[in-house]
Amino acid sequence: MRNQAFQFLSRYGILIAFMMLIIVMSVLSPAFLKFTNVMNILRQTSINGIVAVGMTFVIILAGIDLSVGSVLALAAVVAASFAHPGEYPVFVPILAGLFTGSLCGFINGLIIAKRRIAPFIVTLGMMTIARGAALVYTNGRPVIELSDSYNKIGGKYVLSIPIPVIIFIIVVFIGSFLLSKTVFGRHVYATGGNKTAAELSGIITSRVIILGYSIAGFLAGLAGIVLSSRVMSGSPSTGQGYELDAIAAVVIGGTRLTGGVGTIFGTIIGALIIGVMNNGLDLLNVSSYLQQIVKGLIILLAVMIDRKK
Amino acid sequence: MNYPDYNSCILEMQGINKSFPGVTALDNVWLKLYRGEIQALIGENGAGKSTLMNILAGIFRYDKGHIILKGKPVEIKNEFHAQQLGIAMVHQELNNFPDMTVAENIFAGREPSNWGILSRYKMNDLVQKILNDFHLDIDPKRLMRKLSISEMQLVEIAKAASCNADILIMDEPTSAISMRDAEFLFKILNSLKERGVSVIYISHKMDEVFRISDSITILRDGKLISTSRASETNYDELIKKMVGREPKELFPLRSVVPGVTVLNINHLSRGKAFKDISLYLRKGEVLGLAGLVGSGRTEIVESIFGFPPAEQGIIEVMGKQVEITSPRKAIGNGIALVPEDRKLSGLHLLASVLFNITLPTLQAFARKSGIIKQRKEKSSAVQISQQLNVRTNNLKQAVENLSGGNQQKIVIAKWLLAQPRILLLDEPTRGIDIGAKSEIYQLMNKLTEKGISILMVSSEMNELMGMCDRIIALRSGQISKEFNHSEFDQEKILAAIMP
Ligand SMILES: Nc1ncnc2c1ncn2[C@@H]1O[C@H](COP(=O)(O)OP(=O)(O)OP(=O)(O)O)[C@@H](O)[C@H]1O
Ligand SMILES: [Mg+2]
């Protein structure tokens with residue numbers, strides 16, 4: 001009996017923590033549960049959420065991607081540079097941004113899989129290179145004056161839901177479908193859980209790894225497009241520290257840093273916890289200095305609940 | 001003093017109960033251990049042997065019961081506490097620090113020091129003495145990962161034995177070591193016994209059990225069946241109590257007449273591992289590879305499977321030369337490998353039974369688009385795990401929580417599902433109970449009747465002689481002799497593999 005309660009808690013602990021957070025916030029601040037505020041939270045979460053979905057693949061592969069923040073910025077400036085009014089149709093900047101992100105991820109994956117260098121080091125290198133490339137490409141200045149159609153991606157609504165939120169939801173669905181319903185998804189878990197056993201089962205693990213990092217890069221690129229369109233400029237200094245928020249979301253969501261275990265669903269809850277906290281603490285007028293401490297504590301707490309087995 | 005001393009009871013476990021979510025692992029188990037006694041603990045896979053000993057070693061808490069140590073009731077809090085109480089355990093699965101030296105491993109957690117500064121000199125010296133005591137020829141300064149599995153196991157045994165424990169628990173210590181190393185172990189055990197150390201010894205090997213133990217305790221489905229003096233019972237009685245029914249013949253009658261050659265290997269070599277290996281395997285045949293640890297037996301089957309590929313030589317499957325550069329290529333040619341070490345190379349321990357069983361064959365359960373047809377996948381997994389009698393209450397259970405023997409069955413199941421033409425088995429029955437062993441032998445026989453060919457590596461001579469049509473003896477990476485069925489003779493085969 002006690003055992004079952006325990007199992008329930010360890011499986012749904014994060015969800016329960018999330019619900020409690022929502023209840024507390026809505027009691028403390030009446031504005032919290034208003035439709036516009038909920039949409040606000042979702043929109044703010046969507047960027048981190050998209051990046052975190054990619055990060056989930058990489059962490060299940062027993063890796064890590066520190067470069068996503070910089071890759072996001074690089075993709076943002078590249079996309080923005082093709083998005084000036086009257087130059088190209090809107091799909092060109094979008095493809096350019098997605099391609100840039102995917103390429104960075106592909107290179108990460110290639111080096112990690114083929115040269116067998118630790119993901120931490122490889123992506124640390126890419127983090128610096130991509131940031132530098134973004135600065136070089138723009139001369140350090142933001143790319144401004146973007147076309148209306150480009151700006152719509154981040155600014156418009158469909159059925160009063162912000163487009164970034166819709167994109168986020170689609171990414172979540174595809175990501176979790178890939179992981180849980182396809183052969184590729186199984187191969188991701190197998191490679192991260194026991195690489196030797198995966199190889200002996202006929203899986204070409206280097207391919208899985210390369211694809212995994214490419215997905216992370218692709219989604220960082222997508223997030224860069226959404227973000228630059230939302231703020232109507234591509235800034236080379238954007239996205240700093242985003243990798244840490246993404247990692248936090250993944251880890252809060254119960255994915256193991258040692259690989260082989262994890263879900264997109266958990267990651268989403270993790271990202272939402274972070275989003276709700278940011279928003280709620282703002283509503284409560286907590287100083288941004290204090291917010292950082294609270295955020296850190298909540299991350300630790302969430303992970304401690306999750307690991308208490 | 002002549003041990004065992006039946007007047008001095010050192011340990012009593014009284015009415016121990018333990019359940020995990022969904023299973024009762026132990027149900028009112030009683031156990032008594034005397035000073036200087038070697039007590040064998042036997043039972044089928046999943047009977048609760050490891051669980052009972054993990055409780056004694058402080059790793060699991062129990063739900064109900066009492067533990068009386070040297071006449072005093074104790075509450076064993078954790079592993080460290082157990083060690084302080086004089087209880088040491090060698091675990092079923094290897095767990096060591098691969099990147100530390102042998103000496104560091106033996107002294108992990110109790111490093112000798114001067115004022116807090118590690119004294120490496122002293123440590124290596126002490127370890128050398130311990131290894132000498134046990135007649136082990138291993139350099140204390142070698143990295144653990146450089147040792148063979150057999151040597152690692154011996155180091156762990158030496159580590160436990162050097163703790164000056166009163167009670168030494170060994171969970172299937174010989175499942176991963178060669179016969180010769182097992183002899184070492186028995187010597188160690190006898191010398192410990194002379195010093196009054198008590199040993200609880202878990203094993204599935206009955207000959208061993210009769211050879212070394214003073215008494216034998218049997219568990220079945222978490223319940224205590226009996227404890228008896230080894231001299232007052234016999235093999236058939238034990239088996240009957242263990243499985244709860246009359247024992248079957250262990251080895252099936254082989255009636256398959258081998259057909260055409262399906263696998264032909266010519267002058268295969270790889271570095272220092274093996275040299276100039278030529279052999280053939282016929283349809284429906286069981287071919288055995290006999291050899292000591294380090295004789296190249298594992299490396300040969302690994303290279304046939306492309307992991308890593310051989311450097312020289314030719315492999316022919318069904319008369320056609322094939323390039324096997326990766327396991328994937330091997331699988332494509334109808335070859336499957338059940339590897340030697342399930343934990344390192346067979347399983348994703350944190351994933352479910354279902355996940356592991358269908359991993360190599362996923363493509364068969366998927367649409368072209370890569371989407372898995374989950375119902376079909378599940379029904380195949382259910383079928384194969386029933387066929388192998390895997391004890392699990394649900395396919396979603398993490399493999400990590402299965403008993404060792406059941407984990408082994410999962411590795412076999414996953415490759416049977418692949419319906420290979422050529423099955424490479426490296427120590428297929430390691431850690432498997434007698435009943436399941438006989439099931440696996442029956443299964444091998446049935447497979448060969450269907451035309452599948454088997455190449456089997458084994459350290460167990462009776463298994464090789466009972467199942468194989470031919471045996472190839474290996475000595476330091478080369479073939480030393482080949483035996484046809486009519487020439488099988490334990491002495492002669494042993495002579496051919498000894499250096
Ligand atoms: N951590 C765990 N969580 C859930 N169930 C467990 C756990 N450990 C063991 N079990 C279950 O308890 C039962 C007893 O397992 P145990 O490992 O003690 O068997 P065993 O007798 O040592 O078998 P084997 O000979 O195969 O090693 C099994 O049904 C097993 O699945
Ligand atoms: Mg066991």
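Domain bounds come from an automatic or database domain assignment. On that basis, chain B of this predicted model is divided into domain 1 (5–244) and domain 2 (261–497). Here is a tour of how the two domains meet.

**How to read the numbers**
- Residues are numbered from 1 along each chain as its sequence is written, while chains are lettered from A and ligands numbered from 1 in the order in which they are written.
- Local features need pLDDT of at least 70, side-chain atom pairs count only at pLDDT 80 or more, and totals for chains, interfaces and linings use all residues; side-chain values use heavy atoms, with hydrogens and water left out.

**Where the domains meet**
- Taken over C-alpha atoms, the centres of domain 1 and domain 2 of chain B are 30 Å apart.
- In chain B, 26 residues of domain 1 are in contact with 24 residues of domain 2 (contact means heavy atoms within 4.5 Å).
- The two domains of chain B bury about 2000 Å² between them, 53% of it on carbon and sulfur atoms; buried area is the accessible area (1.4 Å probe) that two parts lose on being put together, summed over both.
- Asn45(B), Glu93(B) and Met179(B) supply 31% of the area that domain 1 buries against domain 2, more than any other three residues.

**Charges at the interface**
- Zero salt bridges are counted between domain 1 and domain 2 of chain B (a side-chain nitrogen of Lys or Arg within 4 Å of a carboxyl oxygen of Asp or Glu).
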